Amino acid sequence: MNKKYLLIGLILAFIAYAGYTFSESITPYVGIEEAKISASNVQVKGLLDKTVTPHMEGDDFVFSLQEEENPEITLLVKYHGMKPDQFDEAFHIVAVGKFQKNEEFFKADKLLIKCPSKYEGQK
Amino acid sequence: MCGNLLLGLGLFASLSGSIILFCGADKKAPFDKLIKIAVLISAVAVSFSSAYLMYLIFSNNFEFEYVASYSSTDLPFIYKVSAFWAGQQGSFLLWILIHALAGVILYKNNSFSGKGLGVYLLVESLLIIMTLGKSPFEPAEVVGVDGIGLNPLLQDPWMAIHPPVVFIGYALLAVPFSLGMGALLDDLDSREWLETSRKWTLMAWGFLGAGIFIGGYWAYKVLGWGGYWGWDPVENSSLVPWLLAGIYLHLIKITKIRKTAIATLHLAGVFTYSAVIYGTFLTRSGILGDFSVHSFSGTTIGLMLAVVNGVLLLAGLFLLTVKMKKLPQGKLYDTFSTREFIVLLGMLTLMFISLVVFLGMSMPLLTQLAGKAAAVDTGFYEKLCTPLAVMLMITMFLASWYGYGRENVIVVTDGMKSVIIAVALGVVSTTWAGVTSPFAIALGAVSAAAAMATWQAYKKKTISTGGMIAHLGVSLGLLAMVLSGSGSKAVSQEIAQNEEISALGYNITYKGQEIFSEADYKEYIYEVNGSEVKALTKLRKNGEDAAREPAIYRGLLGDVYIAPSPAKFDNIIEMALKFGKMDMDEQFGYRYEGVEMEPDSENPVQTIITAKISITDGTDIDTVYPVITATETGATSKPIDIMQGKKQLRLTGVSADQKSVRVEVLPSREEIAAITVRASISTKPFIWLLWLSTVMVTAGCLWATKK
């Protein structure tokens, strides 16, 4: 009987751990303005802001995102890594990460590039 | 039209067949003959429809939207074949083709009870309805002489075979589902259908697994996918049915020992096939558009898939509830010290893994329904799956220790010694590879122990040969994931041409770029410890990067993975040249002397625009003829050498009155080849063990079907 309780305890402990991990890793989908005030990890979607030339700063790839409906709103993104494939052809870029309030830029851990090409859907 | 008509015929045949079977009229003449005709006609109709699509692709019939979108006249043979399943519509057609053909074999072998075949044909009808909902035989809105062609990224032999292998897996998973539903409807005893189900599920599992592995291997050797596994929804949506089918396979074995497990088996069967449809729904409906790197965009097909998914799941669960009382009842195991208990515990763990992946990939959908869309990051999967994988390996290890039905410790002291050695090997190799996370080291150690215990069980003949190979594959695969993943180290570094650097314990020299303008690709050449490796970049028609592959140095201790960053030279000079006038850059003078436009004789929609431009450095004059190929939608042009290759020039536009042209002057090929390139360099310790283990899983699985 003891072993049974051990098993149930193990499962309950795992579920608690899973709940905690979930709350840690959930990243809501927000607009640029909301991203700037959010304290946790978020996903921001936008267009490439053509006024800033994407470039490398040390090991970071730096570019600017632009809100689709309102091009005035922009967000400077630093991605730790190299320029992703098909970045130049992207019509949408999704940056996953967190806004650094003191340094005024968005630190991205991951970039999703949405391309108008075949596998990613037509038109 | 012809293709859709054939599909309609297939639908009619499979639907009427299934109605006859559900009415239970299949034993009486003439209905028994009609069933045979229905099965055959649906297969023949779908085959002809597929052959027709293939014919359309090969005859370059761009009147069809699908052909125009995924094929082009210059596509090589193998990629024309793969254009068949490059898009969603074609891949659905391939799915029903496999489903229908497997149906003929199943019918010939008399594998189904009456209603089982009914369920199978009903599923076939639903699949055909979905294909008709978004058919590959739609006419194109604008008919061109050439198609858009297959995405260069997908022009890879591995990518050509990946979709069909996955779809064989998906299609064949309908067999255990139909067998199970048929058994419930016809009140069959498990002995009558379990063996058939086992064989077909093994086959489906083997193919689905192989498809996933091929996709992973391809993702590893191209850039932009983030390695062999990125927890992307598209990847996850094929992983969940694979995991669930794995549970189903183990439950078949348990049910053979103890009939009381039959209800759990049916439950697993319903959820496995639902997961296939659900995954397709999630990735094909477009609702994940903003969350996945490669989901297809949205169409009405999403709603249909959701309905089909709901119907199959609810009908399956309803049927199981109704028939529950007729199924054998009782305990699933006697004591904890039996193999059946440990295997069930392992399957519970596997179910938790499936649940984690399922919840993770569904989160955008679930949160969207709740109001505010959100996704989980990849850390969610890794943090939860690692402890679960440790648990899974512990159960695999313990299960090898015990026999079915009785308390029976099978491994004696010499076995114990080898297990201790395996654990030590696991700990030493992971630590050597640089793994620091205790969870990851623990996973490496228990995986090694599980592999050794599996081998011991095989020596004691308590596991079959196929089972042994597949289980060794799974445990060694997890060990290899720890070694190559958690043990991977990366640096990013700028390397000048012919410079030798020392990184991560390897001597790496960058030899420069080589550009093959005729073959439409360029290579970045590196030397790792003296062996030459090349990173390939496929180019678009206008010379831009289309798809990139890293340079991979393969060694016994692991791979070195070099990903050069696309070098953009900033010294491109754009000039507008006026007719008859001389324009200068810092080196040469350029004069535009005329332009000719003529339709392309081989391809009348294209216009070939040839400009005549003279270039001089003061003494020599070089007259060149750069070309733009223009269609209604756009234009492409290639750079050409000028002044004996000292620079390159590209024609980018001609004014409407032909009074001026725009050109780009680029550095020479040698200069481009010598540019310092930043590269990300990483190690993948023992990654070959991962590839080997995937082969073992597939081979073991297919081997086991022989019995």
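Val123(B) is buried, because 25 other C-beta atoms sit within 10 Å, and 20 or more is what counts as buried. Keep in mind that this is a predicted model.

**Around Val123(B)**

- Val123(B) belongs to helix 6 of chain B, which runs over residues 114–133.
- Setting aside neighbours within four places in sequence, Val123(B) makes contact with Ala174(B) and Ser178(B).
- Take the pair Val123(B) and Ala174(B): 51 residues separate them in sequence, yet from C-alpha to C-alpha they are 7.7 Å apart in space.

**Helix 7 of chain B**

- Helix 7 of chain B covers residues 157–172, and its 16 residues should span 22 Å at 1.5 Å a residue; the C-alpha atoms at its ends are 24 Å apart, so the two figures agree.
- This helix is mostly covered, with twelve of its 16 residues buried.
- Among the buried ones are Met159(B), His162(B), Pro163(B), Pro164(B), Phe167(B), Tyr170(B) and Leu172(B).
- What do the buried residues of helix 7 of chain B pack against? Their partners in chain B are helix 4 (77–83), helix 5 (88–108), helix 8 (174–185), helix 9, helix 10 (233–257) and helix 11 (262–284).

**The nonpolar cores**

- The largest nonpolar core has 187 residues, and the members that touch the most others are Leu172(B), Leu173(B), Ala204(B) and Ala449(B).
- Helix 9 of chain B (residues 194–221) supplies the largest share of this core, at 15 residues.
- Another core, of 20 residues, lies apart from it and includes Ile32(A), Ala35(A), Val77(A) and Tyr79(A).
- Back in chain B, Leu172(B) is one of the buried residues of helix 7. Not counting residues up to four places away in sequence, Leu172(B) touches Ala102(B), Trp200(B), Met203(B), Ala204(B) and Phe207(B).

**Chain B as a whole**

- Chain B contains 19 helices and 20 strands.
- Of its 707 residues, 50% are buried.
- The C-alpha trace of chain B spans about 100 × 65 × 50 Å along its principal axes.
- Look at the contacts in chain B with a separation of 6 or more: 69% of them join residues 24 or more positions apart.

Methods: Residues are numbered from 1 along each chain as its sequence is written. Chains are lettered from A and ligands numbered from 1 in the order in which they are written. This is a predicted model: local features need pLDDT of at least 70, side-chain atom pairs count only at pLDDT 80 or more; totals for chains, interfaces and linings use all residues. A nonpolar core is a set of buried Ala, Val, Leu, Ile, Met, Phe, Trp, Tyr and Cys residues joined through C-beta atoms within 7 Å. Helices (H or I, at least four residues) and strands (E, at least two) are DSSP runs, numbered from the N terminus. Two residues are in contact if their C-beta atoms, placed from the backbone, lie within 7 Å. The expected span of a helix is 1.5 Å times one less than its number of residues.
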